[in-house]
Amino acid sequence: MSIDYSEKIPNNVDLAGDRKLQRALESWQPNFLNWWKTMGPAVPTEDVYLRTAVAVGREGWAHFDHVPMDEYRWGVFLAERNSDRRIAFGEQKGEPVWQQVPGEYRADLQRLIVIQGDTEPASVEQQRRLGETAPSLYDLRNLFQVNVEEGRHLWAMVYLLHAYFGRAGREEAEALLHRNSGDLDSPRILGAFNEETPDWLSFFMFTYFTDRDGKYQLGTLKESAFDPLSRTCEFMLKEEAHHMFVGTTGVDRVVARTAELMREYDTEDIAPHGGIPLDVVQKYINFHYSVSLDLFGSERSTNAANYFTAGLKGRWQEERRKDDHVLTEDAAHIDVVRDGEITTDEVSALLALNHDLRREYIADCETGLKRWNRVLDKAGITRRLYLPHVGFNREVGQFADHHVTPKGDLIGADVWEASKDRWLPSEADKTHVRSLMRPVYEPGKIAGWIAPPSKGINDKPVEYEYVRFP
Ligand SMILES: [Fe+2]
Ligand SMILES: [Fe+2]
């Protein structure tokens, strides 16, 4: 079904055919817009060169144009329905997928949707002030694109809550606008979404590491037996790919500029020359990677096992896995700390599903490191960036009560305290990075701490006026 843009809420779910639902969402809409105005991008703009979804098919789903941001057409877009779709895993494997929520899974499904939904507006809140210091109009436009799409992802989850969870769902939809990132009284649900995104290096790291966590979470929900959730997540994943592109290429460009300055001044200490030292880039990687690992939950999880068995949440690329998709007979290994040593335990594969997803995520993260190290290699720099040990700086799971170095050595609290500024961004590092954050809003110009992008958006030149100001 194509997207209807004549409606107040653009959609491809025939909202007009369900007046009650339409009215409920239309009454949520002003609250959303109010939230966007108070918690969304803080910099006033005339319009922004944004993409809007016009179809959900494989090709040609996006339309690009200059749009005033608060007139962006947030809507409800689900991937097309496959009427033969069957449950791919768990104890109901092979049965037709569900078009309604089975009563026994109502609470769990609602919880999963609320947790996913909570992350979407949280990131907009975290990135609220970045528009004041973008390194170029190209980057500013990308920030706003990410922001409007996270807003749309909130719509995606709110649609499910309104359409399938009755009054409790409507109340949760309201609460999604009332919790705020970093708010002391009503914070966002997950830790990483209450951290600040105070500078553009953090933004690129966030879109690389934390949006990538989102990709993996959405990947598990895309497998869900609850078909509307699956179709919603499938389309969100298409939008999510751009967010990760922003992170990957953003870090590419920081590393490229850092390498250039290192060569030019023949020193690692490029801070006095207006660059971000490689050391600091590594510390930002250490931080964002470790807080993103926490989002995968405990290595050993009965919730994850129950969700899988019930068909609520599958594995990453479930259908490509070569096993029985039930896993009751299978074992897996998880990392544990025992007797002062990091080792592994064998557990039932069902209990290790968070660990399984995290492993897929880590392998994906490695591709960025390879890329960034290629940039260094090409520039003739021998130092390399790396992912820290999985136990480093963790607050969730097996490593939460331990201190682990980036290389994977267990250390005591005193050593940790004395050394952590070598591994995580120190106050001095953050102050330096922040000092570089000055807006560069002349078309085609770029800040000195980052290399220009290799090409523009949608075949437009890099110097295109992607954002216009009043
Ligand atoms: Fe999202
Ligand atoms: Fe995202």
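## Strands and the open sheet

Two strands count as paired here if DSSP finds at least two bridges between them. In this predicted model, strand β1 (residues 47-53) meets that criterion with β7, the two running antiparallel over 2 bridges. Within this pair, Asp 47 sits opposite Arg 468 of β7.

The pairing belongs to an open sheet of 3 strands, ordered β2-β1-β7 and antiparallel. The edges are taken by β2 and β7 (467-468); each has a single partner strand, so one side of each is left without a neighbour in the sheet. As a reminder, strands of a sheet pair through backbone hydrogen bonds, either parallel or antiparallel. Helix α3 (residues 137-164) lies across β1 and β7, and its direction makes an angle of about 45° with β1.

## The overall fold

Stepping back to the whole chain, the protein contains 11 helices and 7 strands. Its radius of gyration is 23 Å, close to the 23 Å that the globule rule gives for 470 residues, so the protein is as compact as a globular protein of that length. The C-alpha trace spans about 65 × 65 × 40 Å along its principal axes.

Buried residues account for 44% of the 470 residues. Among the contacts with a separation of 6 or more, 69% join residues 24 or more positions apart.

## The nonpolar core

The largest nonpolar core has 111 residues, and within it Val 158 and Met 205 touch the most other members. Helix α3 gives the most to this core, with 17 residues. In general, nonpolar side chains tend to be buried together in soluble globular proteins.

Setting aside residues up to four places away in sequence, Val 158 touches Trp 28, Gly 117, Ala 173 and Leu 176.

Helix α1 (residues 19-39) has 21 residues, which at 1.5 Å a residue should span 30 Å; the end C-alpha atoms of α1 are 30 Å apart, in agreement. Leu 25, Trp 28, Phe 32 and Trp 36 are buried in α1. An α-helix has 3.6 residues a turn, so residues three or four places apart point the same way. The buried residues of α1 pack against α3 and α4 (166-178), and Trp 28 is one of the residues that Val 158 touches.

For helix α7 (residues 278-294), the 17 residues should span 24 Å at 1.5 Å a residue, and its end C-alpha atoms are 25 Å apart, which agrees. Helix α7 is mostly covered, with 14 of its 17 residues buried.

## Two residues in one loop

Phe 77 and Lys 93 make an interesting pair to view together. Phe 77 lies in the loop between β2 (62-67) and α2 (106-126), and Lys 93 has its place in the loop between β2 and α2 as well. Phe 77 is buried, because 26 other C-beta atoms lie within 10 Å and the cut-off for a buried residue is 20 or more. Lys 93 has 15 other C-beta atoms within 10 Å and so is partly exposed.

Beyond its neighbours within four places in sequence, Phe 77 is in contact with Ile 3, Asn 12, Ala 53, Val 56 and Phe 235. Phe 77 and Ser 2 are 75 residues apart in sequence, and their C-alpha atoms are 9.3 Å apart in space. Lys 93, not counting residues up to four places away in sequence, touches Ile 87, Ala 88, His 325 and Val 326.

Most residues other than glycine have a negative phi, and most peptide bonds are trans. Asp 14 has a positive phi of about 55° although it is not a glycine; Asp 14 is found in the segment before α1. With 11 other C-beta atoms within 10 Å, Asp 14 is exposed, the cut-off being 12 or fewer.

Asp 339 likewise has a positive phi, near 50°, in a residue other than glycine. Asp 339 is found in the loop between β3 (331-338) and β4 (341-348).

Key. Residues numbered from 1 in each chain as written. Chains lettered and ligands numbered in written order. Predicted model: local features only at pLDDT ≥ 70, side-chain atom pairs only at ≥ 80, totals over all residues. Helix = DSSP H or I, 4+ residues; strand = E, 2+ residues; numbered from the N terminus. Contact = placed C-beta atoms within 7 Å. Axes fitted to C-alpha atoms, helices over the stretch in contact; angles between N-to-C directions. Rg over C-alpha atoms; globule rule 2.2 N^0.38 Å. Core = buried A, V, L, I, M, F, W, Y, C linked by C-beta atoms within 7 Å. Expected span 1.5 Å × (residues − 1).
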